[in-house]
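Colleague: I'm new to reading protein models. Could you walk me through a few features, one at a time?

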Amino acid sequence: MVVATDGFRPLDEKSLVDYIKATPTLCAQLGNQVDGLAVKEVGDGNLNFVYIVIGAAGSLVIKQALPYIRCIGESWPMTKERAYFETLALQEHGRVCPNHVPEVYHFDRPMSLIAMRYLKPPHIILRKGLIAGIEYPLLAQHMSDYMAKTLFFTSLLYHSTSEHKRAVAEFCGNVELCRLTEQVVFSDPYKVSQYNRWTSPYLDRDAEAVRDDDCLKIEVAELKSKFCERAQALIHGDLHTGSIMVTSDSTQVIDPEFAFYGPMGFDLGAFLGNLILAFFAQDGHADKGNDRQAYKQWILRTTEETWNLFQKQFISLWDEHKDGNGEAYPVSIYNKPELQLLAQKRYMANLFHDALGFGAAKMIRRIVGVAHVEDFESIADASKRAYCERRALDFAKMLLKERRRFQTINEVISAIQEIPAF
């Protein structure tokens, strides 16, 4: 990879073309035809600039990290080094799951710039597809495959402790983004914070109730402790439906700038929790021509299938590699089939409850915290939006506090289906 020798400078559409022309790796990716490039800035996220570059003989995406949070401004500084960790995560996750991670072409550390494969139309952000009511028949299969492989192959079930600790040490440098997550997911929603917002005045009491719920605070403190202390696997760290691009037969996971070695359940919970948010948002997108009831059931089936397929594949990988280098459950100790099954059963039960807890915390923060989701925000009628958000918030609070009583994902789905209309 070509690395610039000069310092950081933010690029715009014009200066980006000059940068590309001066970078042989990128020129080659564009077939060395760099005249008349079409460049469009499409970053609609909270942190970065994202450019689509299309030439006569090739295309790519370029992402540049800014030294602050884009959606807030320079008043909230943020390390540009997140681009380095995003690149490492894309490369590592791409190595173990190439079918669902875009290829990295070029990384420039001083410029905090990544160039990678352009996911061409009809790829769209999954969140937008869910808002539009589009069914993706392979989504559960693809996402369970991605999560099973990226989590298993970066864990102690596969690696030796020395390999694992070296990798953990490398990603410990992504501390600023971890601290951002600690703040916006596990802290801010539970106190008065200048960045919190909600659909006011409809949810004023609901936001206050979150801040006054001592049981909720005790449970979220336990989850925060796991997030900060448990280096279980290389997690994406922000695996919501806005970090996934899809077509009917393709699923690609992008934007792992929050990646670090953390609890597996955080990735699982983020994805499942965002599907559940999409479920609760559907009533706000229903109209006379489509009541969205059938689509709501598809979302619930996808949620259920994702966990069940993940669990099946994760255990299959464990069985396949139980005689390998993994030091979590060495075969010299776990040498009886019934003991192996018992270890797996307990491991997966703990992982399931972690996923439910983290998923619930992610749901809560998207309703009364700083960064919301388009699923709800695109509902123009504030009272209708608040109705959808309140139902999601009430379910998330229950799930966070009572997650240990659920033994299967089917029980979670049943609990959602039993929620009465207000």
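Predicted model: local features only at pLDDT ≥ 70, side-chain atom pairs only at ≥ 80, totals over all residues.

Colleague: Next, helices. Which residues of α1 are buried?

Modeller: First the general idea: an α-helix has 3.6 residues a turn, so residues three or four places apart point the same way. Here, α1 covers residues 13–21, and Leu-16, Val-17, Tyr-19 and Ile-20 are buried. Looking down the axis of α1, you'd find its buried residues within an arc of 160°, so they line one face of the helix.

Colleague: What do the buried residues of α1 pack against?

Modeller: Their partners are α2, β1, β2, β3, β6 and β7. Also, check the start of α1: a side-chain oxygen of Asp-12 comes within 3.1 Å of the backbone nitrogen of Lys-14.

Colleague: And how do I describe a pair of helices?

Modeller: Two packed helices are described by the angle between their axes and the distance between the axes. Take α7 (residues 175–186) and α9 (residues 214–229): their axes come within 11 Å and cross at roughly 170°. The two are therefore roughly antiparallel to each other. From α7, Cys-178, Thr-181, Glu-182 and Phe-186 make the contact, meeting Val-220, Leu-223, Lys-224, Phe-227 and Cys-228 of α9. By class, that contact has 6 nonpolar, 1 polar and 2 charged residues.

Key: Residues numbered from 1 in each chain as written. Heavy atoms only, no water. Axes fitted to C-alpha atoms, helices over the stretch in contact; angles between N-to-C directions. Helix = DSSP H or I, 4+ residues; strand = E, 2+ residues; numbered from the N terminus. Parallel < 35°, antiparallel > 145°, perpendicular 65-115°, else oblique. Contact = heavy atoms within 4.5 Å. Nonpolar A, V, L, I, M, F, W, Y, C, P; charged D, E, K, R; others polar. Buried < 20%, exposed > 50% of the residue type's maximum accessible area, 1.4 Å probe, protein only. Arc of directions from axis to C-beta. Polar contact = N/O pair within 3.5 Å; in protein donor to acceptor, adjacent residues only side chain to side chain.
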